[in-house]
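Please have a look at it first.

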Amino acid sequence: MEKIKVEKTASRGIAVAKIYKYGELDLKPVQYKVPADKKKEQLDKFLDARECVRGELEELAASNEIFSAHMEMVMDFTLEDSVTSKINNNSENAETAVSEAISEVAAVFGMMDDEYMKERAADIQDVGKRLMAQLKGIKLPDIGSLDEEAIILAKDLFPSDTVKINTDYVKGIITEEGGVTSHVSIIAKNLGIPTLVGVKGIFNKLNTGDMVCMDASEGVIVLFPEDNITREYEKKKQEFQDEKLRLEKLRDIPVITKDGKKINICINAGNADDIERALPVKMDGTGLFRSELLYMENTHFPTEEEQFEVYKRAAELCPQELTIRTLDIGGDKELPYFDFEKEDNPFLGWRAIRISLDMKDMFKEQLRAILRSSAFGNVRIMFPMIISLEELREAKAVVEECKNELREECKKFCEDIETGIMMETPASVLLAEQLAKESSFFSIGTNDLTQYLLAVDRGNKKIADKYSYFHPAVLSAIKHIINAGHKENIKVGMCGEMAGDIKATEILLDYGLDEFSMSAGSVDYVREKILKIQGII
Ligand code: PEP
Ligand code: MG
């Protein structure tokens, strides 16, 4: 028996089952130099393989949009250019050229600071895997053919593997690679399959048929468990299921405080799919729609029309409230198609509202798209990183400019759309009273507020113990923001991680917070906590 402690939980839950080791294929290229008169042959080989992969993906795209993105990737001209140049200029054979070109593109994504973009490297590799299998004439294994209960063990699972998962048989997933924002994590969470990712060294420790117990809530894997341990985990599994059912039953209970105030429990989303997936938790709205993901996933600045389609869909899915944060780029978030000048202190540099106000045309395209989407739900505009009244006024003036244009063009939008701000800089805290007079709402961004107030980088592991939103300075700032907002009769929400932390719920309720916005997975727990504090359950 061996017990492994794991850091990254992708999807909570308990599983007890035998391992099904999911294929390690030999997709390494056979390398050789191609004589000049055979280069065309290699080029055609690549183009034929690409055509086959495109066809496969086209079929898959009909049932899952991940594959539409993969289709774009495989047909991307940068990939084609790179492979062509490797064959023509370096005399590489098709297999080698494809393998290198894919690794290079994946490395670009992998090097990005942003976790979400980093994980896109998996999509590129997935496409590469298909291309290599085609070139080598290898049939890819099919997770969908599993016909008995098992925990899948893989080096990494690609998006194309995870969509074939049948929950009747797949009871758990363990991977060596991957992060909590990877496709496997997102899909596993969606399907409710206990999943642990980034478990280094586990692949070679186990074989198909080996017994394993896993607790993906606590981050524990027991290899070759003794009978009493298996029984213990079976019991835990039952308890987890009961708990899940119990929490689900609370979803229809209104969350109202003893003095009759309705507390909004909302989700944070990066795209419309996040909202769609979250609908079963019955949230009161989307308190933070991180619009930058739309920019980061693209190959160009998304046009007004492209943005409008996304925001409209999100508004229709979540008509109660959709708070769209305008582009919050810079800091650790870069765009693959825009050159950010290197800065010594990117977190204190050209980011968020500063960029929007400097690049007015781009800002206007976004605001026009948001405004137009406001005809389809209760859409609100939120400005990130505000440090002064002037910035807020300037941003609101651009909104008015866009409204005038839309009026002239007879395009529909909500005239009374609310414009609020993220409270995430120390300056905004100190100016909270003045800002409240000119904002429709506040949303406290504790992720940045904590780092800026404490001068502690939110991503630096070395000083992670100093990064705490329970620090008295942060708590005092939060209290001050809420009081300042309430003095001007505006609602104050929170969309930083603290809002989803049940250890903070009671303090925040005491301070008078009106809205808690968090990742969808936390909603049930925070709702239960508030209902308990209010004596409703
Ligand atoms: C925050 O800073 O708390 C926040 C919600 O924004 P982000 O994490 O996207 O910076
Ligand atoms: Mg922030």
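This is a predicted model: local features need pLDDT of at least 70, side-chain atom pairs count only at pLDDT 80 or more; totals for chains, interfaces and linings use all residues.

Glu7 sits in the loop that runs between strand 1 (2–5) and strand 2 (9–11), and although 189 residues of sequence separate Glu7 from Leu196, the C-alpha atoms of the two are 8.4 Å apart in space.

Now to the metal. Which residues coordinate the magnesium ion, ligand 2? They are Glu424, through OE, and Asp448, through OD, at 2.1 to 2.2 Å. Glu424 belongs to the loop between strand 13 (418–423) and helix 15 (426–430), whereas Asp448 is part of helix 17 (residues 446–454), so the pair ties together parts that lie 24 residues apart in sequence. Glu424 is buried, with a relative accessible area of 2%, and Asp448 is buried as well, at 3%.

Finally, a helix pair. In general, two packed helices are described by the angle between their axes and by the distance between those axes. For helix 3 (residues 77–90) and helix 4 (residues 94–110), the axes come within 9 Å and cross at roughly 135 degrees, which makes helix 3 oblique to helix 4. The crossing of helix 3 past helix 4 is right-handed. On the helix 3 side the contact is made by Leu79, Ser82, Val83, Lys86 and Ile87, and these meet residues of helix 4 including Ala94, Val98 and Glu104. Sorted by class, this contact comprises eight nonpolar, one polar and three charged residues.

Methods
Residues are numbered from 1 along each chain as its sequence is written. Chains are lettered from A and ligands numbered from 1 in the order in which they are written. Side-chain values use heavy atoms; hydrogens and water are left out. Donors are N, O and S atoms within 2.8 Å of the metal (3.2 Å for Na, K and Ca); water is not among the atoms, so sites may look incomplete. Helices (H or I, at least four residues) and strands (E, at least two) are DSSP runs, numbered from the N terminus. Buried means under 20% relative accessible area, exposed over 50%, partly exposed in between (1.4 Å probe, protein chains only). Axes are lines fitted to C-alpha atoms, for helices over the stretch in contact, and angles run from 0 to 180 degrees between N-to-C directions. Angles under 35 degrees count as roughly parallel, over 145 as roughly antiparallel, 65 to 115 as roughly perpendicular and the rest as oblique. A crossing is left-handed if the near helix is turned anticlockwise from the far one by less than a right angle, and right-handed if clockwise. Contact means heavy atoms within 4.5 Å. Ala, Val, Leu, Ile, Met, Phe, Trp, Tyr, Cys and Pro count as nonpolar, Asp, Glu, Lys and Arg as charged, and the others, Gly among them, as polar.
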